[in-house]
Amino acid sequence: MRKMIIELGQFPDARLRPNSRVHWTKSAEAKREARALAKARACQQVRPNPSFEKAHITVTFVAKDRRPHDLDNLFAGMKSYVDGLRDAGIIVNDTASRISYTPKYVYERGPENNTIIEIQEIVPEHDCVLVSGCCQANP
């Protein structure tokens, strides 16, 4: 099972969150920037070959202070970053049949907020047995 960890070095852009009330041009700009950032951070590492067909993505938001943050609002802002992972070739597709998610929130004193994306490959389980070079259904 293959795994990859990417740190964004920030929380998702506030313009991407559902509670944000920004003009559509500002939102579109933020989406482009988020995709580019995620793609750039992913490309700094050795990319999986081939791309993950199915994966579980754990998104951990690391807060630098104890101010309360709305976890579902932060998580909703991640869509463009996940699209950037697809652009980088880390995942094949981000449809519900191929990707599952777990959002987490932790406090860790530090200079900046951070978002850690952990992508873990899901290897399909086969309900078959290998018999002389061919796969047959288990009885």
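**Close-up views of a predicted model**

**View 1. Packing of helices α1 and α3.** The axes of α1 and α3 come within 7 Å of each other and cross at roughly 45°; axes are lines fitted to C-alpha atoms, for helices over the stretch in contact, and angles run from 0 to 180 degrees between N-to-C directions. That angle makes α1 oblique to α3 (under 35 degrees counts as roughly parallel, over 145 as roughly antiparallel, 65 to 115 as roughly perpendicular and the rest as oblique). The crossing of α1 past α3 is right-handed, the term for a near helix turned clockwise from the far one by less than a right angle, with anticlockwise being left-handed. From α1, Lys31, Ala34, Arg35, Leu37, Ala38, Lys39 and Ala42 meet Ser80, Tyr81, Asp83, Gly84, Leu85, Arg86 and Asp87 of α3; contact means heavy atoms within 4.5 Å. This is a predicted model, in which local features need pLDDT of at least 70 and side-chain atom pairs count only at pLDDT 80 or more, while totals for chains, interfaces and linings use all residues. Residues are numbered from 1 along each chain as its sequence is written, and side-chain values use heavy atoms, with hydrogens and water left out.

**View 2. Salt bridges around Asp83.** Arg35 and Asp83 form a salt bridge in which the closest N and O atoms are 4.0 Å apart (a side-chain nitrogen of Lys or Arg within 4 Å of a carboxyl oxygen of Asp or Glu). Arg35 lies in helix α1 (residues 24–43) and Asp83 in helix α3 (residues 79–87), so the pair ties together parts that are 48 residues apart in sequence. Asp83 is buried, at 7% relative accessible area, whereas Arg35 is partly exposed, at 28%; buried means under 20%, exposed over 50% and partly exposed in between (1.4 Å probe, protein chains only). Asp83 also forms a salt bridge with Arg86, with the closest N and O atoms 3.3 Å apart. Both Asp83 and Arg86 lie in α3, 3 residues apart, about one turn of the helix. Arg86 is partly exposed, with 28% relative accessibility. Salt bridges that share partners join Arg35, Lys79, Asp83, Arg86, Asp87 and Asp94 into one network.

**View 3. Surroundings of Leu37.** Leu37 is found in helix α1. Apart from neighbours within four places in sequence, Leu37 is in contact with Leu8, Gln10 and Tyr81. The C-alpha atoms of Leu37 and Gly84 are separated by 7.4 Å, although the two residues are 47 residues apart along the chain.

**View 4. The salt bridge between Asp13 and Arg15.** The side chains of Asp13 and Arg15 meet in a salt bridge of 2.7 Å, N to O. Arg15 has a relative accessible area of 21% and is partly exposed.

View 5. Asn49 and Pro50 are joined by a cis peptide bond with an omega of about 5°. Most peptide bonds are trans. Pro50 lies in the loop between α1 and β2 (55–63).

**View 6. The whole protein, for orientation.** The protein has 3 helices and 6 strands, in the order β-α-β-α-α-β-β-β-β from the N terminus; helices (H or I, at least four residues) and strands (E, at least two) are DSSP runs, numbered from the N terminus. Of its 139 residues, 31% count as buried. A search of the whole structure finds 12 salt bridges.
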